[in-house]
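Here's a quick tour of the model shown below. Have it open while you read.

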Amino acid sequence: MISRQIVHGVLWSGAILVTALGLKWAQHNHLVSGDFVERAVEVVIGLGLAVYSNFIPKTVPGLKLSPARAARFQAAARLNAWMFVLAGIGFAAIWAFAPLSLAGTASMAVMGGGVVVVLVNLAICIISPKSASPAH
Amino acid sequence: MNSVFKALADPTRRRVLELLKVRPMTAGELSDQFPVSKPTMSAHFTVLREADLIEMNKAGKTITYHLKLSVLEDALLGFAAVFRVGTQAQDDPSPLSTPQKV
């Protein structure tokens, strides 16, 4: 399972590098503009994050935990995965459609917001009392 | 992906997934929520496991099911619930909702 994840990660990073190199080559040969290259690479990164995060809830090892803790970690994993998927899609959409002067700041705000929600959610999950029953 | 759509097409299986969203549950706890026999529920669990939507953990005689939904599958589950996919098959006695010849 872990080796499969590593293979997927390596394949994905390879795809990003090949895309970036291909776009650079296209720009060098005056096939696309520099702005297009910048947008395309950022869109690929955003969509990559969304695709990768999609599988977070499938890979959480929570089978040996107590029922209450397993429920909390399951809920945290689901929320975190949703946050990263939405942040990734938002990041890609901003780089695809927003003016370039705004895209950097706006995409970082979206990604930063997602990361803050995830960190707060993880902190709540870790520090909440072990005896607490899961939220319904 | 076909197995995921098949699993999500049945309202009983969708209800099982909704229950597992709250917390992992034993097979008995899940079966108690439905007015169907345990073998029927077992068939539903098998379909969900084959679609990789739930995971089974056996400790002694107790079988606990855990949710294993990706974000996309979670969204599909939501869409299927909103549009009430397969609700006309709710009265179907077959656990796999396949039409039977008379």
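## Chain B and a helix pair in chain A

Chain B carries 5 helices and 3 strands, where helices (H or I, at least four residues) and strands (E, at least two) are DSSP runs numbered from the N terminus. Along the sequence, the pattern of chain B reads α-α-β-α-α-β-β-α. This is a predicted model: local features need pLDDT of at least 70, side-chain atom pairs count only at pLDDT 80 or more, and totals for chains, interfaces and linings use all residues. Residues are numbered from 1 along each chain as its sequence is written, while chains are lettered from A and ligands numbered from 1 in the order in which they are written.

Of the 102 residues in chain B, 31% are buried (20 or more other C-beta atoms within 10 Å of a residue's own, with C-beta atoms placed from the backbone).

Now for α5(B), residues 71-82. Its buried residues are B:V71, B:E73, B:D74, B:L77 and B:A80.

After α5(B) comes B:R84, with a positive phi near 50 degrees.

Over in chain A, the axes of α3(A) and α4(A) (residues 100-127) come within 9 Å and cross at roughly 180 degrees; axes are lines fitted to C-alpha atoms, for helices over the stretch in contact, and angles run from 0 to 180 degrees between N-to-C directions. So α3(A) is roughly antiparallel to α4(A) (an angle over 145 degrees).

Note on methods: Expected span 1.5 Å × (residues − 1). Buried ≥ 20, exposed ≤ 12 C-beta atoms within 10 Å, placed from the backbone. Parallel < 35°, antiparallel > 145°, perpendicular 65-115°, else oblique.
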